[in-house]
Amino acid sequence: MTQIQTPVTDERTAAPLAPLEPAPAAPEAQRPQIADPGPLGLAGFALTTFVLSVFNSGLIADRALEAVVLPLALWYGGIAQLLAGMWEFRKNNTFGALAFTSYGSFWLSFAAYVQFIAPKLPAAHAYQATGLFLLAWTIFTVYMTVVTARISGLLLAVFSVLSVTFVLLTAGALGQAPELSQAGGWAGLVTALLAWYGSFAGVANATWKTKSLPTWPFSA
């Protein structure tokens, strides 16, 4: 009977097993770039601020016409600016995300306050509620102004004048001083023009692919 012999392997001459190498990592999927939401946020803020400030400054004296501000505060200054803030989160821009989301919410809350809350407040003390509302936004705007001192000259100008605007409007409301509120309206017009320039510079520079319109950025 034929035997099947198993070959003997010499362990001294056997080739060592090659170490296992980790599989190459799959290339990370790159996020698609999105357009700069800054010009949209600045435009929504500027336009709504401009229209309201026309009434606050007394350029149009008929306060009944002020209702034209509400749809702008809801859709452009509010929702459009809020969306710009969400896109700034997507671009990892903390300042832009906070600023546009907050001021978009300001306009939405302003529209709700004027439409639903203010008419139900006691007439003798309604000014205190309005003043408190403006004071809270003054505080927010002042510390955001401090942050802009490390971003750009344009944003520093926008937020500095906006801070003055809120201070005057707050003092006018709490002090029941129409002349201060009117001065706040004029400051608001300047704020709107500066924000409009920022929007124009942003969209023009992105479209023309040049930095032809300055925003005076500060070095970090």
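Biologist: Which residues in α1 meet which residues in α2?

Modeller: Contact here means heavy atoms within 4.5 Å, and helices are DSSP runs (H or I, at least four residues) numbered from the N terminus. On the α1 side you'll find G38, L40, G41, A43, G44, F45, L47, T48, V51, L52 and F55, and they meet V69, L72, A73, Y76, G77, A80, Q81, A84, W87 and E88 in α2. By class, that contact has 14 nonpolar, six polar and one charged residues; Gly counts as polar, while Ala, Val, Leu, Phe, Trp and Tyr are among the nonpolar ones and Glu is among the charged.

A word on the source: this is a predicted model, where local features need pLDDT of at least 70, side-chain atom pairs count only at pLDDT 80 or more, and totals for chains, interfaces and linings use all residues. Residues are numbered from 1 along each chain as its sequence is written, and side-chain values use heavy atoms, with hydrogens and water left out.

Biologist: At what angle do α1 and α2 pack?

Modeller: Axes are lines fitted to C-alpha atoms, over the stretch in contact, and angles run from 0 to 180 degrees between N-to-C directions. For α1 (residues 38-56) and α2 (residues 69-90) the angle is about 155 degrees, with the axes 8 Å apart. That makes α1 roughly antiparallel to α2 (over 145 degrees).

Biologist: Where is N92, and is N92 buried or exposed?

Modeller: Buried means under 20% relative accessible area, exposed over 50%, partly exposed in between (1.4 Å probe, protein chains only). N92 sits in the loop between α2 and α3 (94-117) and is exposed, at 69%. Its phi is positive, about 65 degrees, although N92 is not a glycine.

Methods. Helix = DSSP H or I, 4+ residues; strand = E, 2+ residues; numbered from the N terminus. Parallel < 35°, antiparallel > 145°, perpendicular 65-115°, else oblique.
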